[in-house]
Amino acid sequence: MEVFSWNVQGAFPPAGSPDRIDNQIQFIVESADCPDLLMLNEVTTNRRELWYNKLESIAGYTEIVDTLDWSRKLGELDVPPFQDFNGVNGNLIAIHEDSALEDLSRQTPSISDPPFGDATRKHWDTNFPEKILNAEANFGDTTIDLWNVRTVPGNMFGEEKIKILENVYNRILAKETGPRILAGDFNAPKAETEDGEVIPWRSEKDDALSERWQAAECNILTGLEDVGMVDVFRTIHGYSDLDTLDISHPTGDRDTLTGKRFDHVIASESLNPGDCYYDGDGLEYSDHAPLIARFSPDFST
């Protein structure tokens, strides 16, 4: 089972570029060979029909769910705080027609549902619900819980980034146990050391907001180990002396490939991760490199 996570840069231009979408679809088909599961971030709201048409007719993805309907509706609101948000993009999950995965279904808990265990926060403690796409799919008799997430940049929206991360972390912990895949552009961490330390943004500050910020990033990136989920890229490659691209969002000159590792796949060890890498060729069509992870799930025992 192959998982393909990619921020397709659909926020710029907000109207969406049909040519770039065509190129991205061709990359998924020709370079990535149509992975079983697509988990895309920043899919342009105004190009929803185009994405569906291309994914189905050209790439063979027959089961698709997204949050683009939420993006459009929230973007039309003229009430605080939504008048400050443009609603130009959301997330999308798709399953290929030849995949063993099937029965993809979007999960939309109600705000009237009880809080997470003893927590005081409910399911939608965020003003960006379209940045969180939770779905389920079946692999044989086993249901896999899917989370496709893209946080907003902290330098633009501050606490909203924290709320998205807290929301996802708490909701994952609150759900029943079982295999899970969490993927997407987290806009985190700030850095990682060669001995495996994750350095979150605002780590140099000790005020209350910064401490909450640091906890939110670390909980998502390393705290899910408590429920058997691991950072698949680091599980496969470790942290030092890498012979593979270990960033996903380059800065400055792309030829030097310096930047941040913002895009992640964090998944249950029970799915048996076997490979994981960033495909630098995808940077020709987005400002993020796609992340591919391969699993060999065996739920027969």
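Student: Which residue of strand 16 is the bridge partner of Cys-276?
Tutor: The bridge partner of Cys-276 in strand 16 is Ala-293. This is a predicted model, in which local features need pLDDT of at least 70 and side-chain atom pairs count only at pLDDT 80 or more, while totals for chains, interfaces and linings use all residues. Residues are numbered from 1 along each chain as its sequence is written, and side-chain values use heavy atoms, with hydrogens and water left out.

Student: Which strand pairs with strand 16 over four bridges?
Tutor: That strand is strand 1 (residues 2-7), again in the antiparallel sense. Within this pairing, Ser-5 has Leu-291 as its bridge partner in strand 16.

Student: Why is strand 16 described as mostly covered?
Tutor: Four of the five residues of strand 16 (residues 291-295) are buried. Buried means under 20% relative accessible area, exposed means over 50%, and partly exposed lies in between (1.4 Å probe, protein chains only).

Student: What makes a set of residues a nonpolar core, and which residues have the most contacts inside the largest one?
Tutor: A nonpolar core consists of buried Ala, Val, Leu, Ile, Met, Phe, Trp, Tyr and Cys residues joined through side-chain atoms within 4.5 Å. The largest has 30 residues, and those with the most contacts inside it are Leu-37, Ile-93, Leu-146, Ile-181, Val-265 and Phe-295. A second, separate core of 25 residues includes Phe-85, Val-168, Phe-186 and Leu-224.

Student: Which residues does Val-265 touch, if those up to four places away in sequence are not counted?
Tutor: Among them are Ser-5, Ile-181, Val-230, Leu-291, Ala-293 and Phe-295. Contact here means heavy atoms within 4.5 Å.

Student: Why are strand 5 and strand 11 said to stand at the edges of their sheet?
Tutor: The open sheet has six strands in the order 5-6-7-8-14-11, with mixed pairing. Strand 5 (101-106) and strand 11 (229-231) each have a single partner strand, so one side of each has no neighbour in the sheet. Neighbouring strands of this sheet are turned by 20° against each other on average, direction ignored.

Student: How do you know that helix 5 packs on this sheet, and what is its direction relative to strand 7?
Tutor: Helix 5 (residues 159-174) touches strand 6 (132-139), strand 7 (142-150), strand 8 and strand 11, and its direction makes about 170° with that of strand 7. Such angles run from 0 to 180 degrees between N-to-C directions, with axes fitted to C-alpha atoms, for helices over the stretch in contact.

Student: Why is His-96 called buried?
Tutor: Its relative accessible area is 9%, so His-96 falls below the cut-off for buried residues. His-96 is found in strand 4 (residues 89-96).

Student: What makes the approach of His-96 to Asp-98 a polar contact?
Tutor: A polar contact is a pair of N or O atoms within 3.5 Å; within protein, one must be able to donate a hydrogen and the other to accept it, and residues adjacent in sequence count only if both atoms are side-chain atoms. The side chain of His-96 reaches the backbone nitrogen of Asp-98 at 3.1 Å, so the distance is inside that limit.

Student: Why is the pair of Phe-128 and Phe-157 called edge-to-face?
Tutor: The structure holds eight aromatic pairs. In this one, the rings are 5.2 Å apart centre to centre, with 70° between the planes. Rings of Phe, Tyr and Trp (its six-membered ring) pair if their centres lie within 6.5 Å; planes under 30 degrees apart count as stacked, over 60 as edge-to-face and the rest as tilted.

Student: What makes the pair of Phe-233 and Tyr-278 tilted?
Tutor: The planes are 50° apart and the centres 5.0 Å apart, so the angle is neither stacked nor edge-to-face. Phe-233 lies in helix 7 (residues 232-237) and Tyr-278 in strand 15, 45 residues apart. Both residues are buried.

Key:
Helices (H or I, at least four residues) and strands (E, at least two) are DSSP runs, numbered from the N terminus. Two strands pair if DSSP finds at least two bridges between them.
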